[in-house]
Amino acid sequence: MNEREIKIVETALQLFSHYGVKKTTMSEIATAAGVARQTLYNAYDCKEQLIYDAVEHHVRKSARLISKECSELDDLGARLDVAFRHLSAKPCEMMLQMPHGEEILQIVEGIDKNKKRNIVRICNQAIGSVLEPFRDRLALGSVDFDDLCEFIRMSFDQIRTKTEEKEQIDRSYAPLRKLLENSVQA
């Protein structure tokens, strides 16, 4: 995404979270983002596309931050904490603060399957990069490494979407972290 597209999707997400998707017009998004309405329509034909691009942008940004922050960490627990913070805790806290977060989540749930797969792929790769230094020491038995990454991502997703209170976030994550730490062989 170029800078203008990033500005548009971030602005749209702010407006959607504050006023709701249904009540926010494309004209309001264009004005707030500082682009012509026709420019917005040339890039995005609907609000759902704006939401998808905003989610994908944030997931890609999170994956880059995870990679950067984990590059100096040797401890599995600390690396998992970084991934959890960027893929689950921060988005969850953000959604809990949004007056219209539920409406946005409903639209995200209805996104095209191929687009969802793309977001899942990015998240799974980020989690795989977190686990990679421990790959040979993880006691996986017959569990495939990619399936483990998928399981962790799904766990993060459940915590992010099902948590109703901020205090519940870390409590829900702690057992998963401990299980993974305990599966690393010396």
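1. H57 is in contact (heavy atoms within 4.5 Å) with M1, I6 and E10, leaving aside its neighbours within four places in sequence. H57 lies in helix α4, residues 47-70. Helices here are DSSP runs of H or I, at least four residues, numbered from the N terminus. H57 is buried, with a relative accessible area of 8%. Buried means under 20% relative accessible area, with a 1.4 Å probe and protein chains only.

2. A word on the source. This is a predicted model, in which local features need pLDDT of at least 70 and side-chain atom pairs count only at pLDDT 80 or more. Residues are numbered from 1 along each chain, and side-chain values use heavy atoms.

3. Now R153. R153 is found in helix α8, residues 145-162. R153 is buried, with a relative accessible area of 8%. Its side chain joins that of D157 in a polar contact of 2.4 Å. Such a contact is a pair of N or O atoms within 3.5 Å; within protein, one must be able to donate a hydrogen and the other to accept it. Leaving aside neighbours within four places in sequence, R153 is in contact with V120, C123, N124 and I127.

4. Next, a helix pair. The axes (lines fitted to C-alpha atoms over the stretch in contact) of α5, residues 76-97, and α7, residues 113-131, come within 9 Å and cross at roughly 165°. That makes α5 roughly antiparallel to α7, a term for angles over 145 degrees.

5. Which residues of α5 and α7 meet? L76, R79, L80, A83 and L87 in α5 meet C123, I127, S129, V130 and L131 in α7.

Key. Helix = DSSP H or I, 4+ residues; strand = E, 2+ residues; numbered from the N terminus. Buried < 20%, exposed > 50% of the residue type's maximum accessible area, 1.4 Å probe, protein only. Axes fitted to C-alpha atoms, helices over the stretch in contact; angles between N-to-C directions. Parallel < 35°, antiparallel > 145°, perpendicular 65-115°, else oblique.
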